[in-house]
Amino acid sequence: MENMNIKILVVDDESRMRKLVKDFLAREGYTVLEAGDGMEAMDIFYEDKDIALVILDVMMPKMDGWQTCREIRESSKVPIIMLTARAEERDELQGFDLGVDEYISKPFSPKILVARVNAILRRTLGNAGGDVIEAGGIVVDKAAHIVRIDGKPVELSYKEFELLSYFMENQGIALSREKILNNVWNYDYFGDARTIDTHVKKLRSKLGDKGEYIRTIWGMGYKFETD
């Protein structure tokens, strides 16, 4: 499997939780390392220089997720996914300051976790085949910056291109406008959501009948689905 050499560190004090996450990631072919608390996680992290992503639980004894995250960030930009209990959501802003890439609230669907892991690693590693994304007759070649629909090239602006790539990398996942702004525009939550709506409108019209793959989710944002 192509993900075999990609190492992911899963840090959680509940062994049942680690096993659940590990099983799902292993099924995708990832190599999974485990730690039961932040101290153990840091030992593994310093020892193993090629960890591609860290999944961190917030609530842990000895050294919690925030401290672990801070320490990792002192020496590394490795992507970090935080697992939070619902009650800790107010802490998320603190997490963004620390450079957390993604939040997943417990209880979560392991499939969603795997989809997030795949999307982040595609973005950071551009791993095999990650530079070309295909769905429903749309082909996005990120390296060459070309989009083809049923084989015909389509002219997109830089932002439309980024937006389409982001949608296609996150197929089937409901994306809030904040999340889209954050990932495509990099405004730290202060962007204007209407910017997105305008771009989506233009993008849909350029995609022709494939524009309907970008579904509107009322009151929230958008979702890219081909079926």
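Tutor: Contact here means heavy atoms within 4.5 Å. The model is predicted: local features need pLDDT of at least 70, side-chain atom pairs count only at pLDDT 80 or more, and totals for chains, interfaces and linings use all residues. Residues are numbered from 1 along each chain as its sequence is written, and side-chain values use heavy atoms, with hydrogens and water left out.

Leaving aside residues up to four places away in sequence, Ile138 touches residues including Ile133, Val147, Leu164, Met168, Leu207 and Phe224. Ile138 belongs to the largest nonpolar core, which has 28 residues, and is listed with Leu164, Phe167, Ile180 and Phe224 as touching the most other members. A nonpolar core is a set of buried Ala, Val, Leu, Ile, Met, Phe, Trp, Tyr and Cys residues joined through side-chain atoms within 4.5 Å; buried means under 20% relative accessible area (1.4 Å probe, protein chains only). Helix α6 gives the most to this core, with 6 residues. Helices are DSSP runs (H or I, at least four residues), numbered from the N terminus.

The axes of α6 (residues 158-169) and α8 (residues 193-207) come within 10 Å and cross at roughly 85 degrees. Axes are lines fitted to C-alpha atoms over the stretch in contact, with angles from 0 to 180 degrees between N-to-C directions. The two helices α6 and α8 are therefore roughly perpendicular, a term for angles of 65 to 115 degrees. Leu163, Leu164 and Phe167 are among the α6 residues that meet α8, where the partners include Val200, Leu203 and Leu207.

How values were computed
Parallel < 35°, antiparallel > 145°, perpendicular 65-115°, else oblique. Buried < 20%, exposed > 50% of the residue type's maximum accessible area, 1.4 Å probe, protein only.
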